[in-house]
Amino acid sequence: MTITLPAASRDETRSWDLTDPATHLRRDIGEFWRDRRARQPIFWHEAAAHHPGFWVVTTHDPAMRIYRDATRFTSQRGNVLLTLLAGRDNAAGKMLAVTDPPRHNLLRRLMTPVLTREAVQSLASRIRERTVRLLTEQAGPEGFDFADEIASRIPIWTICDLLDIPDSEHELLVSLTKQALSSDDAAQTGTEALAARQEILLCLLDQVQDQRQRPADGLITALIGAEFEGSPLTDDQIVTNCYSIILGGDETARLTMINAVHAFADDPALWQRFGAVDDLGAAVEEIIRCFAPTMHFGRIAKTDVDIDGVRIGTGEVVTMWNVSANRDENRFPDPDAVVFDRRPNPHLAFGYGPHFCIGAPLARLEIAIVLDELRRTTRRIVATGTPRPLYSNFLHGYATLPIAFE
């Protein structure tokens, strides 16, 4: 079964299933979100043979309130459709993203020291050096795949630095992370994605065991030496949370860069405006609002809850669609325009409240450096082929982006 637009605005031939990746590739998906925000900002997505029903929140204010409410909503039975609709997440209570306060707060404090704004800023020179080298290698009219050659490398290399994973493992992790949460095309099976996730976990387990014998300076060794609830962290706890850092830290930075460069290639005037930006920080926040890839996150209601007159029952799944809330006309004037000096800019790309993305400072830094170096060296970005979109109900963006620099 699929959801259908309300009768007042319905085109009888149009139906929507937000669990189907193909839905998010439709050209009129933006129109769908606009209509829902205006007519039915919180609605029930009907069950189907392969999934139960769930609530969809499309506007900014109720989404923000749910994000910050860890008392009435839980993350411990999943936080994305894949796990929420299955009714469980195997990492619940162990991984930061699917652990509720107060346990969440204890885990977060163990990981925060290597991800503070100051700690992350110490990586800036190395990120910039790598970016310059990669851009220099691709200079010229021949063309290359920006997604593969640059955007897929900078985030993973940097996360590997944080974890003190050797260079010999970098390319393997680059390949695996692109398969783990989304598919380059509809042909990839769920089994293949699961295999990629399991291979990442095995790689991390090898690193934990190695660093127990030969301590290093990164997050893995820091977690090995830490205590949680009065006991040392187990290998499983360390691996699970480093896995979360790899996937979460890679996807936002990598796909935001790709999506932004695609927009710049498509609209030379937008690229020229970005080139003239003085406040790079404000511009990066707007780029993240407009082009961040994470379409939704979710929770399960722990009790009956009333949200703007909508009664959500105990145990029901609630999904907050950032892809819509970040373009809420009541929160962002002219929401479909890229306004590089937009202030305030309270986008939800990194979530909100207790589960605000711990890697947000790192993602902001990587995006800022790559796009800043790109505008320093490139007069014009030219599309040389058709990009291939991701096939996912969680992430939107492009698996490939063939371009050339002028």
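Me: Asp304 first: what does its relative accessibility make it count as?
Reply: Asp304 counts as partly exposed, at 38% relative accessibility. The classes are buried under 20% relative accessible area, exposed over 50%, and partly exposed in between, with a 1.4 Å probe and protein chains only. This is a predicted model, where local features need pLDDT of at least 70 and side-chain atom pairs count only at pLDDT 80 or more, while totals for chains, interfaces and linings use all residues. Residues are numbered from 1 along each chain as its sequence is written, and side-chain values use heavy atoms, with hydrogens and water left out.

Me: Which side chain does Asp304 meet in a salt bridge?
Reply: That of Arg311, at 3.8 Å, N to O. A salt bridge here is a side-chain nitrogen of Lys or Arg within 4 Å of a carboxyl oxygen of Asp or Glu. Arg311 is exposed, with a relative accessible area of 51%.

Me: How many salt bridges does the structure hold?
Reply: 29. Among them is Asp336 with Arg327, at 3.2 Å, N to O. Asp336 is partly exposed, its relative accessible area being 44%.

Me: And Arg380, what does that pair with?
Reply: The side chain of Arg380 forms a salt bridge with that of Glu406, at 3.7 Å, N to O. Arg380 sits in the loop between α16 (360–377) and β11 (381–383), and Glu406 in the segment after β12 (402–405), so the pair ties together parts 26 residues apart in sequence. Helices (H or I, at least four residues) and strands (E, at least two) are DSSP runs numbered from the N terminus. Arg380 is partly exposed at 36% relative accessible area, and Glu406 is partly exposed at 42%.

Me: Which residues do shared partners join into one network?
Reply: Arg128, Asp372, Glu373, Arg375 and Arg376, through salt bridges.

Me: Switching to the sheet. What is the strand order?
Reply: β1-β2-β10-β7-β3, an open sheet of 5 strands with mixed pairing. Two strands pair if DSSP finds at least two bridges between them. The edge strands, β1 (42–45) and β3 (73–74), each pair on one side only.

Me: How does β3 run relative to β7?
Reply: Antiparallel, with 2 bridges joining β3 to β7 (residues 296–301). Thr74 stands opposite Ile300 in β7.

Me: Which helix packs on the sheet?
Reply: Helix α2 (residues 60–68) does, touching β1, β2 (54–57), β3, β7 and β10 (317–321). Contact means heavy atoms within 4.5 Å. The direction of α2 makes about 125 degrees with that of β10; axes are lines fitted to C-alpha atoms, for helices over the stretch in contact, and angles run from 0 to 180 degrees between N-to-C directions.
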